[in-house]
Amino acid sequence: MDSFRNIVNPLCTFLFLGIFLHFASSMPRTNAKTHNHDFVIQATPVKRLCKTHNTITVNGMYPGPTLEVNNGDTLVVKVTNKARYNVTIHWHGVRQMRTAWADGPEFVTQCPIRPGNTYTYRFTIQGQEGTLWWHAHSSWLRATVYGALIIRPRPGDSYPFPKPKRETPLLLGEWWDANPIDVVRQATRTGAAPNVSNAYIINGQPGDLYNCSKKDTIIVPVNSGETNLLRIINSALNQQLFFKIANHKLTVVGADASYLKPFTTSVLMLGPGQTTDVLITADQPTAKYYIAARAYASAQGAPFDNTTTTAILEYETAPCLAKCTSTKPVMPSLPTFNDTATATAFTKSLRSPRKVDVPTEIDENLFITVGLGLKNCPRGASRRNCQGPNGTRFAASMNNVSFVLPSKFSLLQAHQQRIPGVFTSDLPPNPPRKFDYTGNVSRLLRQPARGTRVYKLKYGSRVQIVLQGTSIFTAENHPIHLHGYDFYILAEGFGNFNPNRDTAKFNLIDPPLRNTASVPVGGWTVIRFVADNPGVWLMHCHLDVHITWGLATAFLVENGVGELQTLEPPPADLPLC
Ligand code: C2O
């Protein structure tokens with residue numbers, strides 16, 4: 001009998017395996033889904049800080065709808081513009097492989113959706129997991145038009161950490177007691193810096209510390225002992241933010257939809273555009289604790305919104321419900337506004353979970369200065385239009401080019417249809433003049449030149465960019481965002497980048513993969529990526545005030561060989577100018 005069973009068992013296993021493999025191969029490779037959404041851009045009355053403003057929203061929601069998908073899924077989002085402004089939607093951090101037409105930046109990959117018109121964005125999430133977001137990419141509309149994009153692992157796959165009990169997106173935003181479009185228009189007219197915001201918000205609410213806000217403060221419920229995932233997004237327009245929760249440690253597990261080697265900290269720093277996923281364990285006495293965010297303001301002497309937004313982490317446990325309503329939440333002590341040491345310690349702690357495939361050979365070695373500038377008052381212009389420092393107008397540039405968006409064609413359309421005269425492919429790969437970037441910059445070097453100048457990359461080229469901050473007018477931290485790509489951040493430092501000294505500091509083992517790098521105030525950051533996504537991709541400072549002044553450029557990535565390395569044809573409903 002025994003010997004018989006010994007023969008039968010392997011046979012059964014073999015048969016079973018055969019049947020299983022047969023079914024597995026006849027099933028579709030994944031159970032990827034298509035998510036259809038309708039976004040209606042419309043003006044909606046929103047009351048904050050005791051006053052109501054007609055606010056541009058998606059579907060009347062502020063912030064807009066949270067989209068939840070799995071890695072591998074396809075999104076089909078039909079955007080109808082019922083507002084009185086032009087609009088586009090950008091899927092911040094989505095790689096958009098071969099679908100640059102769906103990326104969204106106005107006049108870069110599409111012309112705006114005019115009032116009354118529609119456009120449907122179609123794209124697939126490929127190999128990204130974690131938290132991203134979407135936002136308007138036209139003028140300053142993203143001040144109120146934004147929402148979370150949550151990407152979970154493929155069905156059947158799991159997180160590389162214990163499954164959290166609950167998941168909560170926390171969108172940090174910025175609120176003006178005015179129409180943000182009027183704020184930027186006034187700045188464009190005067191040449192001065194735009195007014196700073198009146199409040200920061202968490203999921204649309206300023207919180208207890210502001211007038212008329214207390215009863216609407218966001219509550220994040222927890223139960224004692226459970227571990228939850230918080231997906232934190234800095235969707236503020238113009239401000240890097242520190243983030244803290246009283247008495248609780250945060251275990252960072254991801255950023256910009258890439259996993260990280262977990263590490264524990266009490267404070268986060270996020271630049272606009274960046275996301276951070278953290279685990280939090282409810283291991284404190286049953287009570288209420290403030291979740292708080294306020295500015296990391298690195299520019300010396302520049303005005304900023306110095307208020308603090310709060311939400312409340314509330315233990316749900318029964319005895320608390322009675323007791324906690326009376327007691328005040330515990331407030332965390334936030335870093336001081338100019339605490340660059342804390343900001344740097346945070347960004348330097350980020351590591352990929354394991355050894356990654358960083359390109360070691362480099363085909364394109366770029367050195368790009370990023371910073372402010374000042375334009376002399378144009379001849380014949382009125383002093384009213386030159387209210388920047390000493391009668392100038394504010395400007396900003398990359399390698400001295402202050403980027404100007406086209407207006408008759410998008411860059412992508414001009415590239416694909418070979419329309420001449422829209423842009424030139426001559427962004428200098430190095431600063432046109434070398435100077436002491438972070439020292440005392442001479443007045444003569446302050447004026448950037450306007451232009452629509454992009455940089456061309458061959459498909460598959462391995463690119464390194466040294467992003468060098470400048471101290472023209474004032475040094476500050478710049479969140480530099482690249483569309484269509486994630487890049488490895490190899491190193492950062494202060495002062496002028498020195499290849500002889502600083503190359504030795506490159507992390508070629510486990511650097512973090514991100515879409516937005518915080519270039520330190522008066523310092524530099526080195527990034528690398530492989531140009532494997534054809535299209536035209538904007539790279540810019542994610543402080544909207546700086547993109548308004550021209551702190552941007554674009555990479556034109558050529559097609560490679562064959563269909564899989566070629567940009568898809570434009571959709572039939574692509575808005576034209
Ligand atoms: Cu989130 Cu071009 O931006």
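Here are a few friendly questions and answers about this predicted model.

Q: Why is the chain called as compact as a globular protein of its length?
A: The secondary structure of the chain comes to 7 helices and 32 strands. Its radius of gyration is 25 Å, close to the 25 Å that the globule rule gives for 577 residues, so the chain counts as compact as a globular protein of that length.

Q: What makes a residue of the chain count as buried, and how many of the 577 residues do?
A: A residue counts as buried when its relative accessible area is under 20%. In this chain, 58% of the 577 residues count as buried.

Q: Which part of the accessible surface of the chain belongs to carbon and sulfur atoms?
A: The accessible surface comes to about 24,300 Å², and 52% of it belongs to carbon and sulfur atoms.

Q: What makes a side chain count as positive or negative here, and how many of each does the chain have?
A: Lys and Arg count as positive, while Asp and Glu count as negative. By that count, the chain has 55 positive and 39 negative side chains. The centres of the two sets lie 7 Å apart.

Q: How do you know that domain 2 and domain 3 are in contact?
A: Contact means heavy atoms within 4.5 Å. Domain 2 covers 159-346 and domain 3 covers 364-565. Their centres, taken over C-alpha atoms, are separated by 29 Å. The contact takes 30 residues from domain 2 and 32 residues from domain 3.

Notes: Residues numbered from 1 in each chain as written. Predicted model: local features only at pLDDT ≥ 70, side-chain atom pairs only at ≥ 80, totals over all residues. Heavy atoms only, no water. Helix = DSSP H or I, 4+ residues; strand = E, 2+ residues; numbered from the N terminus. Rg over C-alpha atoms; globule rule 2.2 N^0.38 Å. Buried < 20%, exposed > 50% of the residue type's maximum accessible area, 1.4 Å probe, protein only. Areas by Shrake-Rupley, 256 points an atom, 1.4 Å probe, with all protein chains shown as cover. Charge placed at Lys NZ, Arg CZ, Asp CG, Glu CD. Domains from an automatic or database assignment.
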